[in-house]
Amino acid sequence: MKLIRKFLTLGLVALTATGAFAANKKGELKLFGWSEYVPQAVLDGFTAETGIKVSYETYASGEEMLAKLLSGGTRYDLIQPPDYVAEALIKDGLLTPIDQSKLKNFGNLMPEFLKMPHDPEQKFTVPYMVGTVGIVVNTEKITEPVLGYRDLFSAKHKNRIVALDDGRELAVAALYVLGKDMNDFSPANLAAVRPILAEWFPRIKLFDSDSPKTALLNGDVDLGLVWGGEAAKLWQENKKFQYVLPSEGAHLFIDLLAIPKRARNVENAHLFIDYILRPEVSKLISDEFPYTNPNAAARKLLSPDQLANPGSYPTTTRKLDTFRHIGDVGSAIDELITDLKNTK
Amino acid sequence: MKLSPIAKRPLLPTGLRLLNWSLGAWTALVFLFLYLPIAVLVFYSFNTSKLNVVWEGFTFKWYAALAENTPLLGALKNSLIIATIATILSVLIGTVGAWLLHRYRYRFARSIQTLVCIPMIMPEIVMGISLLILFTVSQLELGFTTVILAHVTFCFPFVLVAVQARLHGLDPALEEAALDLGATPLKAFLLVIMPCLLPAVISGGLMAFTLSLDEYIITVFTNGLESRTLPQEVFGLARKGLNPMLNALSAVFIVTTVAFVIFSEYLRRLAAR
Amino acid sequence: MQTLPSANAENPHARRPGLAGWLLLAPMVVWLLLFVVAPMAILLVYSFCTRDDLGRVVFSFTWSNYARVFEPIYLQVLGRSVLYAGITTAICLALGFPVGWFIARQRAVVRNRLLLLVMIPFWTSFLIRTYAWISILKSEGLLNATLLAARVIPEPLEMLYTPAAVMVGLVYAYLPFMILPVYGSAEKLDNALVDAAHDLGAGPVRAFSEVIIPLTWPGITAGILLVFVPAIGMFAITDLMGGAKVAMIGNVIQSQFTKARNWPFGAALGIVFTLLFVLTYLGLQWRARRARS
C-alpha cells in the first residue's frame with residue numbers, strides 16, 4: 001500500500017513538474033503535428049537544405065496532442081495547435097515567444113490571419129493552414145437553394161444529412177440560428193440551444209468528424225455540415241458537390257505553429273517555420289491539403305482550379321468567427337450532446 | 001497423424017451424419033461471412049479510382065505505390081515485431097498463470113482472477129492514458145518497450161481465460177501419474193500437461209496476436225516515434241482520405257498468409273524432401 | 001456446473017502453494033500490480049479531483065464526479081451498452097459454437113489451419129475492414145445491388161447507419177473470440193463419447209443438449225466472457241457503422257478524456273464501470289460456488 005502511495009505521489013509530481021530526459025543531439029527538430037498534415041516532401045526538403053533531422057510525431061486529435069504535451073514526457077520543439085488550444089496554452093504560459101526577426105518570410109502571410117483573438121499581439125504563433133465549417137450540397141439531388149443552417153437541417157432533408165460529430169460545432173450552429181455570439185456558452189444560451197438541436201438530431205442520418213465525405217460520396221446522404229477541406233476534396237472529385245458558408249455565420253479555424261516552453265531546439269524551430277512560410281513550400285501543403293492557405297505569396301502559385309474550389313476559398317460577405325478558449329464549458333456541451341443522442 | 005474416427009468409419013448413424021453435414025455447411029457460411037469484406041477490399045485494391053465507391057478500371061498502381069511507401073512498410077514491420085513479442089510474453093504469462101491458478105490453492109486466487117479480467121473491461125482510452133502517466137512517472141522513454149508492456153497487459157488475459165477453459169475438468173490424475181513415475185513438476189508440466197493444453201494455447205496466442213496487431217488507442221498513448229505501428233499509420237492516412245494502397249497492403253498480407261496456411265502441408269513436405 | 005472461468009473452482013486436487021508456487025506466480029502478480037492496479041489507483045485519485053481551465057487535473061477533493069456518474073443520462077448509456085453487448089454475445093454464440101465444434105472434429109492438421117483462417121481476416125486494419133463493410137451495406141452497395149438484381153426487394157434498403165448495421169459490425173468483430181475458446185474445449189472431447197451417445201439411440205438434438213453442451217460448457221463460458229466484456233466498452237463500430245447516433249459507455253468515457261477534457265469525470269466513469277463489472281463477476285462466482293456445495 002505504501003508503495004502504491006509513493007508511486008502515486010510521484011505521479012502527481014510528474015504531471016505538474018517537468019521531467020528531464022537525455023539531451024537531444026544538435027541538428028534535430030522534434031515536430032509534434034497532425035498526422036499527414038506536413039507533406040513528406042516538405043520534411044525531406046528541409047532536411048536536405050539545413051541538415052536538421054526532423055522527427056515528426058503525429059496525433060489525430062487536438063486533445064491527444066494536449067494530453068501528451070501536458071504529460072511532460074517528450075520535449076517537443078514545434079507543435080500544431082488549433083487556435084483555441086493555443087489561446088489556452090498562451091494564457092498558461094506554456095509557449096515560447098516567436099522571434100519574428102528570424103522569419104524573413106513572415107511578410108508572406110495575409111494580414112487578415114494575423115493578430116487574431118487567440119494571439120492578439122502575434123507573439124506566440126504563426127498560422128499554418130486555415131479552414132471553415134460550412135454546408136456541402138449534392139446539387140444533383142437537392143435542387144432548391146440551401147443557404148443556412150435552417151435550410152440544411154429542415155424537416156425536408158430528414159435522413160439525408162451528415163453532420164460533424166463534434167458537440168461544439170453543432171452547438172455553434174444553433175447559436176448562430178439564434179443570432180447569438182458563437183463563443184457565449186452561458187447556461188441561458190445552452191438552454192436555448194437544446195430545443196433547436198433536439199429538433200435537428202432526429203433528422204441527421206449520421207455524425208462523422210473524421211471523414212464526412214464518405215457518406216456523401218457513397219450516396220447515403222445528400223447534404224452535410226462538414227470541414228471546408230472535406231468539401232474541397234468532394235468538389236475535386238465531382239463538381240456537383242457545392243460548398244457554401246451558412247448565411248447565419250460560420251466558424252473559421254486556424255491551425256498554428258507554436259514552440260512549447262520546454263522546447264530544446266528553439267533555433268531549429270524558427271528555421272522550420274521560416275521554411276514553411278516560403279511560397280513554394282506552402283504550395284506543397286495546399287496541394288496535399290485543400291484547406292485555405294493564409295500565405296499570399298503561395299496563393300499566387302496555385303492553379304486557377306485550386307483557387308476556384310469553394311471548399312478551400314469560399315466567398316462570403318459576412319465576417320467569420322473563430323473559437324475562443326471556453327474553459328470547462330466543453331464538459332457541459334458534451335453532456336448536452338450525450339443526452340440528446342440518448343433520447344433519440 | 002491418425003485419422004479421426006469420423007473420417008475412418010464407413011458408416012455413420014444417419015442422425016450423426018446429418019449433424020456433421022449441417023455443421024460443415026454452417027461453418028462454410030460463417031467463413032463466407034468472415035471473408036466477405038476481405039474479398040471486397042481485395043477487389044477494390046485493383047480499382048483505378050482513389051475512392052472505394054465505384055469500379056472504374058483495373059490497375060496495379062496501388063501495389064506499386066505500396067512498394068515505394070517506406071513509412072507504411074516500416075510501420076507494418078514494427079507492428080509485426082510488437083505483436084510477436086507481445087504474443088510470446090502473453091502466452092508465457094497466461095499459460096503459466098492459468099496452470100498455477102488451477103494447480104494451487106492461492107490465498108488471493110479470486111482477487112487475482114478478477115484482476116486478470118480488468119484489462120478486458122477497462123476502456124482503451126482509460127488504460128492508454130493511465131499507462132502514459134505511469135510511463136512518464138517512471139521515466140521510461142515511450143517506444144517499443146512501453147508499447148509492448150501495454151500490449152501484453154491487455155493480451156495475456158485472453159490467453160489465460162482460454163487456457164483455463166481447457167484446464168477445467170482436466171484429469172488431475174494426469175499430473176500425479178507423471179509425478180509418480182518420477183518426473184519433476186517442470187517435466188510433468190512440459191511433457192504431460194502442455195501437450196494437452198496446446199489447442200487452447202494456440203487459440204489464445206492467436207487472439208493475443210490479433211488484438212495486438214489491431215490495437216490503436218492504447219498504442220497511441222504508449223508509443224513513441226520510432227515504433228509507430230500500422231494502425232497508427234492507417235488512422236493517420238485516413239485523415240488525408242483512405243486510398244486503395246491500404247487495401248493493397250491488406251490484400252498482400254492476407255493472401256500471403258492464407259496461401260501459406262493452405263499450402264503449408266505441401267510446403268512442409270517440400271521442405272522435408 | 002460452473003458459470004465462469006475461475007481459479008481452481010473444480011480441482012479438488014489443488015494444493016496449498018509452497019514457496020516455489022508463489023515464486024512462479026510472482027511475475028504475473030507483479031505485472032498485474034504494476035500495469036493494472038497502479039493505473040487503477042491513479043485513476044481512483046483522479047476521480048476525486050477537479051479540472052482546471054486547460055483540462056489539467058487539479059488535486060482537490062470532491063464527490064461531485066461520482067454524483068454525476070449516477071445521473072440518469074449515464075445510467076441509460078450504460079444500460080444500452082450492456083444490451084448491445086448482450087445481443088452481440090448471443091448472436092456470436094449461435095453463429096460461433098457450431099463452427100468451434102466442427103473445427104474441433106477435424107484432423108489435427110486441418111484443425112490448426114481452419115483455426116488460423118478464422119483469425120486471419122482480423123490481421124487487416126480495423127478501419128479498412130470497416131470501410132469494406134460500409135461498401136457492402138451502403139445504399140448503392142454490394143448487398144443492395146445483389147438483392148435488387150435478384151428481385152428480392154423493389155428498392156434499395158437503408159442498411160447502413162442503423163442498429164442492424166451496428167450488430168453486423170459487432171458480431172463480425174467478436175465472432176472469433178467465441179469460436180476459439182469453444183474450439184479449445186471441444187477439441188478435448190473424445191469423438192467416441194459423442195458417437196456413443198448416438199449409438200445409444202440419442203437423436204442429434206438430445207446428443208447436443210445432453211452431451212455436447214455440458215461437456216463444452218467451460219469453453220462456452222470463456223467465450224461469453226471474452227465477447228461480452230470487451231463488447232460493452234466498444235464504440236468505434238457504433239460510430240462508423242451506426243453513424244454515431246447513440247452514445248455508448250466507451251464513447252462517453254473516451255470523450256471525457258478528449259473532447260470534453262474532463263479527466264476526473266472520465267476517471268470516475270471508468271472506476272464505476274470497472275467496479276460494476278468486478279461486483280457482477282464476484283457475485284456470479286459466489287453463486288456458482290453456492291450452487292456446487
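This is a predicted model: local features need pLDDT of at least 70, side-chain atom pairs count only at pLDDT 80 or more; totals for chains, interfaces and linings use all residues.
Local features need pLDDT of at least 70, and side-chain atom pairs count only at pLDDT 80 or more, while totals for chains, interfaces and linings use all residues. Side-chain values use heavy atoms, with hydrogens and water left out, and residues are numbered from 1 along each chain.

Chain A splits into domain 1 (2–128 + 254–308) and domain 2 (131–252 + 316–343), with bounds from an automatic or database domain assignment. Their centres, taken over C-alpha atoms, sit 28 Å apart. Each domain puts 14 residues into the contact (heavy atoms within 4.5 Å). Across this interface the rule finds 1 salt bridge. About 1,300 Å² is buried between the two domains, 61% of it from carbon and sulfur atoms; buried area is the accessible area (1.4 Å probe) that two parts lose on being put together, summed over both. On the domain 1 side, Y84(A), P290(A) and Y291(A) lose the most area, together 37% of what that side buries.

As for nonpolar cores, these are sets of buried Ala, Val, Leu, Ile, Met, Phe, Trp, Tyr and Cys residues joined through side-chain atoms within 4.5 Å, buried being under 20% relative accessible area (1.4 Å probe, protein chains only). The largest has 205 residues, and F156(B), M28(C), Y174(C) and F177(C) have the most contacts inside it. A second, separate core of 91 residues includes F32(A) and Y59(A).

Methods:
Chains are lettered from A and ligands numbered from 1 in the order in which they are written. Buried means under 20% relative accessible area, exposed over 50%, partly exposed in between (1.4 Å probe, protein chains only). A salt bridge is a side-chain nitrogen of Lys or Arg within 4 Å of a carboxyl oxygen of Asp or Glu.
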